[in-house]
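This report covers one protein chain.

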Amino acid sequence: MIEHEFQTTVARSPEEAFDFLVDLRNAPQREPDCRGVEMTSEGPIGEGTTFQEKMTWGRKDAKIAAFERPARFATQEKARGTDCGLEFRFEANNGGTLV
């Protein structure tokens, strides 16, 4: 298994940072290879919400696998025969949020 980890601090509250990142429709604003995202399930975003992402290299299906607002969320993603996922954690830090 390959794992990558990085941290950054954003000038937003944990709730604001969480809400922006958990809504994968915002991915084109932070992911250069993402061309667009559609939410494919109904209702508010939470555990089990699904998305379809249009990437420069093809399509990716994503599901919110864990939802602990505003502290943590995780995704499960499938594309081109690969399974992967992301995990985001949020911690208040000097008036901003460590992500």
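**Strand pairing**

V10 has T97 of β8 as its bridge partner. Strand β8 covers residues 96-98 and is joined to β1 by 2 bridges, the two strands running antiparallel. Strands here are DSSP runs of E with at least two residues, helices are runs of H or I with at least four residues, and both are numbered from the N terminus. Two strands pair if DSSP finds at least two bridges between them.

The open sheet is formed by 3 strands in the order β1-β8-β7, with antiparallel pairing. β1 (9-10) and β7 (91-93) stand at its edges with a single partner strand each, so one side of each has no neighbour in the sheet.

**Basis of the model**

The model is predicted; local features need pLDDT of at least 70, side-chain atom pairs count only at pLDDT 80 or more, and totals for chains, interfaces and linings use all residues. Residues are numbered from 1 along each chain as its sequence is written, and side-chain values use heavy atoms, with hydrogens and water left out.

**Elements and overall dimensions**

The chain holds 1 helix and 8 strands. Their order from the N terminus is β-α-β-β-β-β-β-β-β.

The C-alpha trace spans about 40 × 30 × 25 Å along its principal axes. The radius of gyration is 13 Å, which agrees with the value near 13 Å for a compact globule of 99 residues. That radius is taken over C-alpha atoms, and the globule rule is 2.2 Å times the number of residues to the power 0.38.

**Burial, surface and charge**

Of the 99 residues, 33% count as buried, meaning under 20% relative accessible area with a 1.4 Å probe and protein chains only. The chain exposes about 6700 Å², of which carbon and sulfur atoms supply 47%; areas come from the Shrake-Rupley method with a 1.4 Å probe.

There are 13 positive and 18 negative side chains, and the centres of the two sets lie 5 Å apart. Lys and Arg count as positive and Asp and Glu as negative, without His and the chain ends; each charge is placed at NZ of Lys, CZ of Arg, CG of Asp or CD of Glu.

Among contacts (heavy atoms within 4.5 Å) with a separation of 6 or more, 30% are between residues 24 or more positions apart.

G46 lies in the loop between β2 (34-39) and β3 (50-55). G46 is buried, at a relative accessible area of 12%. Leaving aside residues up to four places away in sequence, G46 touches I64 and F67. From G46 to G85 the separation is 39 residues in sequence and 16 Å in space, C-alpha to C-alpha.

Methods:
Buried means under 20% relative accessible area, exposed over 50%, partly exposed in between (1.4 Å probe, protein chains only).
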